[in-house]
Amino acid sequence: MNHDKLIKLASHLAEPFCITKGEKFSLKDWDPTDTTGVKSKQHAQKILEARDGVLNHLQKKLYAQDRWAVLIILQAMDAAGKDGVIKHVMSGVNPQGCDVHSFKSPSNEELDHDFLWRTNRCLPSRGKIGIFNRSYYEEVLVVRVHPTLLRAEKLPDVLTTKHIWTERYEDINAFEEYLTHNGIVIRKFFLHVSKEEQKKRFLERLEDPKKNWKFSMADVNERGFWKDYQEAYEEMIQNTAAKHAPWYVVPADNKWFTRLIVASAIIQTLDELRLSFPDVDKAKKKELAAVRDSLLSQKD
Ligand code: ATP
Ligand code: MG
């Protein structure tokens, strides 16, 4: 499959899952088992194999041009496949041009700062792709589902009002607009797994000794708050989807499909930047030619 054909196909695959306007978004309209656009797993495999070359080529240009940065945000319930997606995307790119940051429960030092502080320090520099495994969006997800976490953030009481979530959406939107104005392109992915599929994956972790290490009691506890999380995700997307920073709601019950859609969306994003290798001016070309001649004339 040639590059142009694959890029076209990637856009076609990713488009249906992209949300740029959230007002009418309702999670119940989105099916975690959906595999729209792909005939079979084999078909997906073929596309994924071709994808590596394209992604690598686009990333090389991003790096060489050194103007844009790309920020990829991954959010999901446990066992939705974030790790697999990251491994997969990383396998297609040069590790020098791609950083991954995971955000877990905040440390004491992090709790002593505003909520964007820790992520702000990990933003990708120009020419790079940054992947956030969880992000500042946890501040309107887990923190919303468990209000005790908000108390641990030590905000002054007068600022902890019922408006806090709306204020956080506003702050996140303003922050993402600011990043966009600075050449950091944001793409956000919610890996949408069903409750049944999560149960299946947890059971696999319990039953397969090679997967035991992945099992965490905390994950099962969070499962008890499933409905609250779904509501928090829905409201987050309603309030923070934007043309410049869209949410992709990626069906996550089939891992191969999840990877395909995320990879496709990244290819489409890079392609839309119309990247090119930096131009070499006349003087520089002359200099390169002279060095080449000199090297060729050397005996050893
Ligand atoms: P994995 O389980 O695959 O290693 P993970 O991202 O689930 O990856 P864990 O260490 O299991 O990592 O969980 C991290 C936990 O930290 C999650 O439960 C998440 O909700 C929580 N967390 C992340 N950011 C915040 C935050 N700002 N405030 C409170 N909790 C947070
Ligand atoms: Mg976990």
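A: A charge is said to sit over a ring if NZ of Lys or CZ of Arg is within 6 Å of the ring centre and within 35 degrees of the ring normal. The model is a predicted one, in which local features need pLDDT of at least 70 and side-chain atom pairs count only at pLDDT 80 or more, whereas totals for chains, interfaces and linings use all residues. Residues are numbered from 1 along each chain as its sequence is written, chains are lettered from A and ligands numbered from 1 in the order in which they are written, and side-chain values use heavy atoms, with hydrogens and water left out.

The charged end of R168 lies over the ring of F115, at 4.6 Å from its centre.

Rings may also meet one another. Rings of Phe, Tyr and Trp (its six-membered ring) pair if their centres lie within 6.5 Å; planes under 30 degrees apart count as stacked, over 60 as edge-to-face and the rest as tilted. Ten aromatic pairs occur in the structure. One of them joins Y136 and F175 edge-to-face, with 5.6 Å from centre to centre and 85° between the planes. This pair links distant parts of the chain, 39 residues apart: Y136 belongs to the loop between β4 (129–133) and α6 (142–145), and F175 to helix α8 (residues 164–181). Helices (H or I, at least four residues) and strands (E, at least two) are DSSP runs, numbered from the N terminus. Y136 and F175 are both buried, that is, under 20% relative accessible area, where exposed is over 50% and partly exposed lies in between (1.4 Å probe, protein chains only).

The pair of F189 and Y248 is stacked, because the ring centres are 4.9 Å apart and the planes stand at 15°. The partners are 59 residues apart, F189 in strand β5 (residues 184–192) and Y248 in strand β6 (residues 247–251). Both F189 and Y248 are buried.

Attention now turns to the strands. Two strands pair if DSSP finds at least two bridges between them. Six strands form an open sheet of mixed pairing, in the order β1-β6-β5-β2-β4-β3. At its edges stand β1 (18–19) and β3 (98–102), each with a single partner strand, so one side of each has no neighbour in the sheet. β5 pairs with strand β2 (residues 69–76) in the parallel sense over eight bridges. V185 in β5 is the bridge partner of V70.
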